[in-house]
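Good morning, everyone, and thank you for making time for this. Please keep the sequence and the picture in view while I talk, and I will go slowly from one region to the next.

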Amino acid sequence: MAGLQPPRGTHDLIGETMRRHRHVVETASRVLETYGFEEWSTPVFEDTRVFSRTLGETSDVVSKEMYTFEDRGGESITLRPENTASICRALVTNGLTQTLPQKVFYHGPMFRYERPQKGRYRQFHQIGAELLGAEGPLRDAEVIAMAQDILTALGLADDVALELNTLGDLASRQAWREALVAYFRQHEDALSEESRIRLDANPLRILDSKSEQDRRLLDEAPAFADYLNDDSRRFWDELRNFLTAFGVTFRENPRIVRGLDYYSHTAFEFVTTKLGAQGTVLAGGRYEGLVEQMGGPAVPAIGWAAGIERLALLVDHVPDVPAGIGIVPMGTEATLAAASVARRLRNSGFRAEIETRGNVKKRMERVVKSGASHVVVLGEDELARDVVQLRDLQTREQKDVALSALVEALGGA
């Protein structure tokens with residue numbers, strides 16, 4: 001019988017792959033905490049309405065990509081395709097809408113039924129942040145600066161660029177949307193089949209189209225900048241001024257849009273060409289109606305999410321596994337004593353492993369191969385004298401050390 005494989009579009013995190021993954025999460029978490037963000041964890045599955053309400057029934061995620069099933073109690077359950085909706089649901093469920101702002105970050109698996117390809121999986125992992133109760137452009141700029149600080153801490157500052165756009169307020173977007181629909185209606189015959197469907201259901205999504213015939217039409221489409229009202233222009237100006245004050249460089253890209261009505265004002269993406277064609281490694285924006293859709297009050301917010309797998313691929317240097325201490329006992333009594341020695345070392349923060357398989361030569365070979373910095377040899381003679389034989393595997397120095405002084409000899413507390 002052939003060995004079982006992980007389901008298509010999933011992968012195991014083992015060895016260096018797991019170390020890279022953990023490095024991304026731990027580095028990002030340290031930066032997020034300096035901004036006062038606190039980690040939340042929500043269930044990996046939710047009532048289907050959490051996502052169908054917020055993402056829109058006509059979106060690709062809801063109509064094609066969600067893992068939705070009926071549980072044994074007849075409830076419709078969905079594995080989370082993203083986590084912003086879950087965080088907003090948790091805000092309302094836990095009665096936190098009166099104690100704003102809430103600064104939240106999360107990481108964990110998401111699920112989408114997509115065509116697997118390099119760096120894209122059906123179970124993938126994201127790290128993200130949400131500032132719930134973000135009162136103005138200062139907070140938007142701060143959240144973007146925080147994202148840049150994370151990418152810098154991961155050593156990616158030279159490999160990514162920030163692209164920025166304004167989506168304006170609802171009134172500005174409505175005026176632009178009407179102008180877009182009128183324009184696309186005039187050229188409906190030239191649109192792709194998919195975009196003709198979107199024209200009725202969600203016309204802003206035409207702006208995301210990859211179709212060449214649609215892209216040609218977009219070049220002549222009404223520009224959003226012509227429909228921004230005074231309030232939206234003021235927000236846009238202040239956002240850019242605050243970003244400059246935070247030392248964040250950016251380039252404006254009017255192509256960055258969000259197809260859902262609750263997004264407003266700020267939209268941004270950090271993009272890279274390091275993985276070949278330009279790709280987005282972290283993206284986010286301001287949203288203003290999501291908490292209301294969960295049954296809460298109107299709460300303005302801004303957030304972003306990044307794919308951990310993609311960031312892990314980009315990172316050049318991952319910290320090495322700390323060198324450990326090998327313990328080689330010889331004889332039954334020495335093996336019992338080795339357990340006590342290992343406990344003492346681990347309690348002092350050392351990585352310690354007891355080698356018992358094979359003869360002494362084989363054991364020593366495995367200790368050296370493991371990358372250990374020292375080996376502790378323990379035999380009957382050492383036991384009788386209450387010492388161990390300590391060998392530095394870098395310098396080849398070897399000496400007897402009293403058991404009580406072993407931690408100190410290794411430089412521990």
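UniProt, in an unreviewed entry, lists Glu82, Asn83, Thr84, Arg112, Gln126, Glu130, Arg258, Tyr262 and Tyr263 under "binding site"; its positions are given in the numbering used here, feature names are shortened, and annotations may be inferred rather than shown by experiment. Before I go on, this is a predicted model, in which local features need pLDDT of at least 70 and side-chain atom pairs count only at pLDDT 80 or more, while totals for chains, interfaces and linings use all residues. Residues are numbered from 1 along each chain as its sequence is written, and side-chain values use heavy atoms, with hydrogens and water left out.

Where does Tyr262 lie? Tyr262 is in the loop between strand S8 (251-252) and strand S9 (263-272), where strands are DSSP runs (E) of at least two residues and helices are runs (H or I) of at least four, numbered from the N terminus. Tyr262 is buried, with a relative accessible area of 10%; buried means under 20%, exposed over 50%, and partly exposed in between, using a 1.4 Å probe and protein chains only. Tyr263 belongs to strand S9 and, leaving aside neighbours within four places in sequence, is in contact (heavy atoms within 4.5 Å) with Leu167, Arg173, Arg258, Arg286 and Tyr287.

Staying in strand S9, we find His265, which has a positive phi of about 55° although it is not a glycine, and which is buried, with a relative accessible area of 9%. Arg396 likewise is not a glycine and has a positive phi, of about 70°, but Arg396 sits in the loop between strand S15 (387-392) and strand S16 (398-402) and is exposed, with a relative accessible area of 60%. I point these out because most residues other than glycine have a negative phi, and most peptide bonds are trans.

Finally, the helices. The axes of helix H5 (residues 137-153) and helix H9 (residues 230-245) come within 8 Å and cross at roughly 40°, the axes being lines fitted to C-alpha atoms over the stretch in contact, with angles from 0 to 180 degrees between N-to-C directions. That makes H5 oblique to H9, since angles under 35 degrees count as roughly parallel, over 145 as roughly antiparallel, 65 to 115 as roughly perpendicular and the rest as oblique.
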